Amino acid sequence: MHTGNQLSTEIDATVPTAARMYDYYLGGKDNYAADRAAVEELDRVVPSTRRLALNNRRFLQRVVRVLTQEYGIRQYLDHGSGLPTQDNVHQVAQRIDPTTHVVYVDNDPMVLVHGRALLEQDERTVVIQADMRETEAIFDHAETERLIDFSQPACVLFNSVFHCIPDSDTDGPIAVARRVRERLAPGSFLVMCQLVSEDPEVRRSVTDFMDRATQGHWGRVRQESDVASYFEGLEILEPGLVEVSTWRPDTEVAPRQLTQEWIEFGGVGRIPL
């Protein structure tokens, strides 16, 4: 299990982070020149990335709406949640049921600062700073224990984050998904997706670029078969594991991912009852 160093509380504006780059793609203001420059360079390598980021956000919102409305989920643990944007998990879920509890987890100190300011008056939602690989620390955190009852069904989100961590027998996506699954009640859900490409040159070039830009805070672009391995032992909700803009779209004319250099691929799995 990952036992990394103490997480930094200092914000380094000179080193891009995935959270701030994502914020910029979504039209946010919580990013720096280094993040914007990294986005512009990434766009030259894979021009479809801005649309991919927007479609990924919409996928998250649809998933939360479906699980809250149709499956009665009232507690969410969102790993690598990123910076606050419009229609975060708690906003989507609490429009359906205001009593829904949400815990956001991120290792970026800027996320912590902005998230806590946003949620200061919301007793049912909290942001904690942690590495997403620290399953025990996250589940045993006082704020997590205050808001989430893991003897009841919950939803754990790993939305577009597993590409940020390297492969490892103890810390890689498969190991993290397995540890989380062991802590959840039957009927709970895991939402997992990440950036994939079936083109080895795209996988290599984007992985190298992001690893260099974030100074090592990156894993790798993987393949669809890798993502499928995260769902071992889970019942996968229809329509299965897909490019996320095609997961239960709101309308037939909903935006689709039109270019395929890389895609966001994944879905929703349920722990059998």
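## Paired strands

Strand 1 and strand 2 run parallel and are joined by 5 bridges, where strands are DSSP runs of E with at least two residues, helices are runs of H or I with at least four residues, and both are numbered from the N terminus. Two strands are said to pair if DSSP finds at least two bridges between them, and strand 1 also pairs in the parallel sense with strand 4 (residues 155–159), over 4 bridges. Leu 77 has a bridge partner in each of these neighbours: Val 103 in strand 2 and Val 156 in strand 4.

This is a predicted model, in which local features need pLDDT of at least 70 and side-chain atom pairs count only at pLDDT 80 or more, whereas totals for chains, interfaces and linings use all residues. Residues are numbered from 1 along each chain as its sequence is written, and side-chain values use heavy atoms, with hydrogens and water left out.

## An enclosed strand

Strand 1 (residues 75–79) is largely enclosed by the rest of the structure, because 5 of its 5 residues are buried (under 20% relative accessible area, with exposed meaning over 50% and partly exposed in between, for a 1.4 Å probe and protein chains only).

## The nonpolar cores

A nonpolar core is a set of buried Ala, Val, Leu, Ile, Met, Phe, Trp, Tyr and Cys residues joined through side-chain atoms within 4.5 Å. The largest one has 32 residues, of which Leu 77, Phe 158 and Met 192 touch the most other members. Another core, of 28 residues, lies apart from it and includes Phe 59, Val 64, Ala 93 and Leu 237.

Beyond its neighbours within four places in sequence, Leu 77 is in contact (heavy atoms within 4.5 Å) with several residues, among them Val 105, Ile 138, Phe 150 and Cys 155.

A search of the whole structure finds 0 disulfides, a disulfide being a pair of cysteine sulfur atoms within 2.5 Å. For Cys 155, the nearest cysteine sulfur is that of Cys 193, 12 Å away, and for Cys 164 the nearest is also that of Cys 193, at 11 Å. Cys 155 counts as buried because its relative accessibility is 0%, and Cys 164 is buried with a relative accessible area of 19%.
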